[in-house]
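Thanks for coming, everyone. I'll walk through one chain, from overall numbers down to single residues.

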Amino acid sequence: MKVYRTDEIRNVVLLGHGGSGKTSLVEAMLYVSGATNRMGKIADSNTVSDFDKEEQKRGFSIGTSLIPIEWEKAKINILDTPGYFDFVGEVEEAVSAADAAVIVVSGKAGVQVGTEKAWELCDKYNLPRMIYVTEMDVDDASFRQVVADLTEKYGKKIAPHFQPIRENEKLVGYINIIKNAGRRYTGLGQREECEIPDYCKPNLEILRDSLMEAVAETSEEFMERYFNGDEFSVEEIRAAMRTEVMDGDIVPVAMGSNLQAQGVANLLSDIVRFFPSPDKRSCVGINRRTNEIFEANYDFAKSKTAYVFKTMVDPFIGKYSFVKVYSGVLKGDDVLYNADTDAEEKPGKLYTLCGNKPSEVSELFAGDIGAIAKLTNTRTGDTLSVKNNPVSYARTDFSVPYTYMKYRVKNKGDEDKVSQALARMTAEDVTLRTVNDSENRQSLLYGMGEQHLEIVASKLASRYKVEITLETPKVAFRETIRKNSDVDSKYKKQSGGHGQYGHVKMKFEPSGDLETPFVFEECVVGGAVPKNYFPAVEKGLQESVVKGPLAGYPVVGVKATLYDGSYHPVDSSEMAFKTATIQAFKKGFMEASPVLLEPIVSLKVTVPDDYTGDVMGDLNKRRGRVLGMTPVAGGKQVIEADIPMTGLFGYCTTLRSMTGGRGTYAYTFARYEQASSDVQEKEIAARAAEE
């Protein structure tokens, strides 16, 4: 692929609901542009975008793939993203590197929750956007209905500039509303001029009027001409639309059929015509040496800088860091500096990837997207620059994973292999985290949903040939006491020669501080227990609080006072006093009305108004206490509640099914509270069963 200048580049992300046709659209784009000579199908597992074995097995995209397409002397970097919410991290990576978006909507399914989320992402990143309605070759597809629904949701900025011509419920052609001309399809991706059918004219008039009105609003001169009944030329309409699209005041709506490659050439031309090249967008970083703002703005004449927006780790082709060049021109023989890790990197070669197929390029201009292989000290979110001008850009704001499960390695001896494989997968997937919970002796895997974690387990088996099982995790309960106790504990052992003798009298009571395991005091009178044994008593307490006598959970909030005891001048030892203390603690703890404390989290659930009743009812079932509601933009409410950690298992799936995927949640640890008697009994029984 030849080298393209900044003004010849378009970086476009494909967004939309799962199953709306993004990947099949990419296949049609590749075919129409001549990059491939046949279109792959998702059902046949041979698409360029879905190259991962897991994607082919499941029939949907899991990761973002980069597909460069050459069209009308421009290079369009297409970023094909997953539509399912568990893979939102991949979408956020792609959106951070894009300069515009095509939101793909199924003509059959219509506007879905994924469409709404795509629109919100475009708003967040201030991306110009277009809508492309797929499946227009399907019997019950309705372009008019999709346009009506979009207009109702987003207002007059929705501007269809194509209208389908359908005969016998089949798509046979289209009307170009800008040119006011008809086209009839003659073959796969082929078309010829035709008359506009009479039955299309009433709707065409409405659509053309609304488009002309939008164009007229771009300037006072145009507005005057519009009211005088003047016609705008095709060039004037396109120039006005380009301005409006870039400002986000118009969202053009196109349509077609991916399987028949119909409408795809028009879409590619619209991307080149209406979407901005990177030099029309701004981006700034910070010079790490001077702390001054560095205005990159995709200027190829400035110092080299590039942002790593995604990492791909493939067992067969290795590690690739996807970069977007923010300024300057990157070359293979450059020595780059990573200010985030204070390390130099030598790319050696630069690539552009089409799916998982790398092609070497000599250089990448500012604004272009490419990949660098085997960068050892660089990960997603890092900035590459040159040492005498070290620059850093703001890291992408990724969604936080809240769903977690415990994982066990199936085969003993595979622990190292699993941890190495997971390290590679977390480098590739920014929303995947591993946590070693030593307190409960468990390894935890955090992701965006249960399906996400299940696919991680499946990838480990297919890619890295190691297996894990996912289980419900243990919750970090705590143990404490509610009353006082007084115990007398003697440890005495005689076994020829020196014996063992330690004797302590201790009081136990609540300390009132649930942050600290225990407080130790002594008030021994008359040397009943010599001072040199006090550290041994404290050591005994330290060992005892790690695993409480009630259900094996860490102990908090206990005050232990040593007030008396006795010793033997020959047989007493530190070990004997430590053992006597451990015995005293067990007995004293169980006599002081022991209770389990469970972790409580502060939960915030964001849902559309319509779902608040269902969500609050479900939270009550999970032993949650709703504290209040706050209205936020977009007709949504934030429900705040305190809920036991155990009540959050499976919550992600329940919330999505209850709200049609529109609900989101986040939580932070708040405090510990006494668990109810039934929860306590269940945990004690589980502990007994384990032993």
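Now the ground rules. This is a predicted model, where local features need pLDDT of at least 70, side-chain atom pairs count only at pLDDT 80 or more, and totals for chains, interfaces and linings use all residues. Residues are numbered from 1 along each chain as its sequence is written, and side-chain values use heavy atoms, with hydrogens and water left out.

Overall numbers. The protein chain has 691 residues, and 55% of them count as buried. Its C-alpha atoms fill a box of roughly 110 × 60 × 50 Å along the principal axes. It holds 16 helices and 37 strands. Those are DSSP runs, numbered from the N terminus: helices are H or I with at least four residues, strands are E with at least two.

Contacts next. A contact means heavy atoms within 4.5 Å. Take contacts between residues at least 6 apart in sequence: 72% of them join residues at least 24 apart.

Surface. The chain exposes about 30500 Å², and carbon and sulfur atoms supply 47% of that. The areas come from the Shrake-Rupley method with a 1.4 Å probe; for residues, only the protein chains shown count as cover.

On to the strands. Two strands pair if DSSP finds at least two bridges between them. S12, residues 284-287, pairs with S24 over two bridges. Asn287 has Val391 in S24 as its bridge partner.

Now look at S25, residues 403-409. Five bridges join S25 to S27, residues 442-447, and the two run antiparallel. There, Tyr407 stands opposite Ser443. S25 is also joined to S28, residues 468-471, by four bridges, again antiparallel. In S28, Ile468 is the bridge partner of Val409.

Aromatics. Rings of Phe, Tyr and Trp (its six-membered ring) pair if their centres lie within 6.5 Å; planes under 30 degrees apart count as stacked, over 60 as edge-to-face, and the rest as tilted. How many aromatic pairs does that rule give? The count is 24. Tyr174 and Tyr185 form a tilted one, 5.8 Å centre to centre with 45° between the planes. Tyr174 sits in S8 (residues 170-176) and Tyr185 in S9 (residues 181-187), so the pair ties together parts eleven residues apart in sequence. Elsewhere, ring pairs link Tyr298, Tyr307, Tyr326 and Tyr393 into a cluster.

Helix H3 spans residues 88-97. Nine of its ten residues are buried, so H3 is largely enclosed by the rest of the structure. Among the buried ones are Gly89, Val91 and Glu93.

Then helix H6, residues 201-216, where we find Asn203. Is Asn203 buried or exposed? It is buried, with a relative accessible area of 17%. Leaving out residues up to four places away in sequence, Asn203 touches Arg144 and Gln163. Asn203 and Gln163 are 40 residues apart in sequence, and their C-alpha atoms are 8.6 Å apart in space.

That's my list. Over to you.

Key:
Buried means under 20% relative accessible area, exposed over 50%, partly exposed in between (1.4 Å probe, protein chains only).
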